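Here is a short briefing for a first look at this structure. Keep the 3D view open as you read.

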Amino acid sequence: MATTKFHRMRRLGIGEACRLFGFTPRALRLYDECGLVRAQRDQLNHRYYDDAGRERLAWIAQLRRARISLPDIRSVLEAEEAHGSGWDLALEKLQARRQNLDDELARVDAEIALLGRPPARGASVSQLRAG
């Protein structure tokens, strides 16, 4: 992800991160436990995010809005760290998601077409499929 408006901000506390990215505190804890992002700790043991953490949270927020799975998000973040190819992988994941949705929509359309035909008097659902 390109440098964002989050770059070089002061440290970001949990509440601010929730407001900025639309997460719940529970979601942030989950992402931390899963290793998607690491919160830093201050001397009072309060969690906060540095520049790198904010950048990762921005990736996670964008991909979660697109309903990309956490394992796929992990792959994107790892690709970004390893070779700077997170953007390309994110696009692949989004295209795969779109294809899955297109396939599901085609199945729903087929069922609508099937159920949209008026059945013969006394016909069962299994007879509709055969007809």
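Is phenylalanine 23 buried or exposed? Phenylalanine 23 is buried, because its relative accessible area is 10%, and the cut-off for buried is under 20%. Bear in mind that this is a predicted model.

**Aromatic residues**
- The whole structure holds three aromatic pairs.
- In one of them, the ring centres of phenylalanine 23 and tyrosine 31 lie 5.2 Å apart. Their planes meet at 75 degrees, so the pair is edge-to-face; the cut-off for that class is over 60 degrees.
- Tyrosine 31 is buried too, with a relative accessibility of 6%.

**The nonpolar core**
- The largest nonpolar core contains 26 residues.
- Among the residues with the most contacts inside this core are Phe21, Phe23 and Tyr31, along with Leu28, Tyr49, Leu57 and Ile60.
- Five helices, α1 (14–21), α2 (25–33), α3, α4 and α5, each give the core at least two residues.
- Helix α3 supplies the largest share, six residues.

**Helix α4**
- Helix α4 covers residues 70–83, which is 14 residues.
- At 1.5 Å a residue, α4 should span 20 Å, and its end C-alpha atoms are 20 Å apart, so the two values agree.
- Its buried residues include Ile73, Val76, Leu77 and Ala79.
- Viewed down the axis of α4, the buried residues fall within an arc of 160 degrees, so they line one face of the helix.
- In an α-helix there are 3.6 residues a turn, so residues three or four places apart point the same way.
- The buried residues of α4 pack against α3 (51–65) and α5 (86–116).
- On the face turned away from the buried side, α4 carries the exposed residues Pro71, Glu81, Ala82 and His83.
- Glycine 84 follows α4, and its phi is positive, near 70 degrees.

**Leucine 94**
- Leucine 94 belongs to helix α5.
- Leucine 94 touches Ala66 and Ile68, leaving aside residues up to four places away in sequence.
- Leucine 63 is 31 residues from leucine 94 in sequence, yet their C-alpha atoms are 8.4 Å apart in space.

How values were computed: Residues numbered from 1 in each chain as written. Predicted model: local features only at pLDDT ≥ 70, side-chain atom pairs only at ≥ 80, totals over all residues. Heavy atoms only, no water. Helix = DSSP H or I, 4+ residues; strand = E, 2+ residues; numbered from the N terminus. Expected span 1.5 Å × (residues − 1). Buried < 20%, exposed > 50% of the residue type's maximum accessible area, 1.4 Å probe, protein only. Arc of directions from axis to C-beta. Contact = heavy atoms within 4.5 Å. Core = buried A, V, L, I, M, F, W, Y, C linked by side-chain atoms within 4.5 Å. Phe/Tyr/Trp six-rings, centres within 6.5 Å; stacked < 30°, edge-to-face > 60°.
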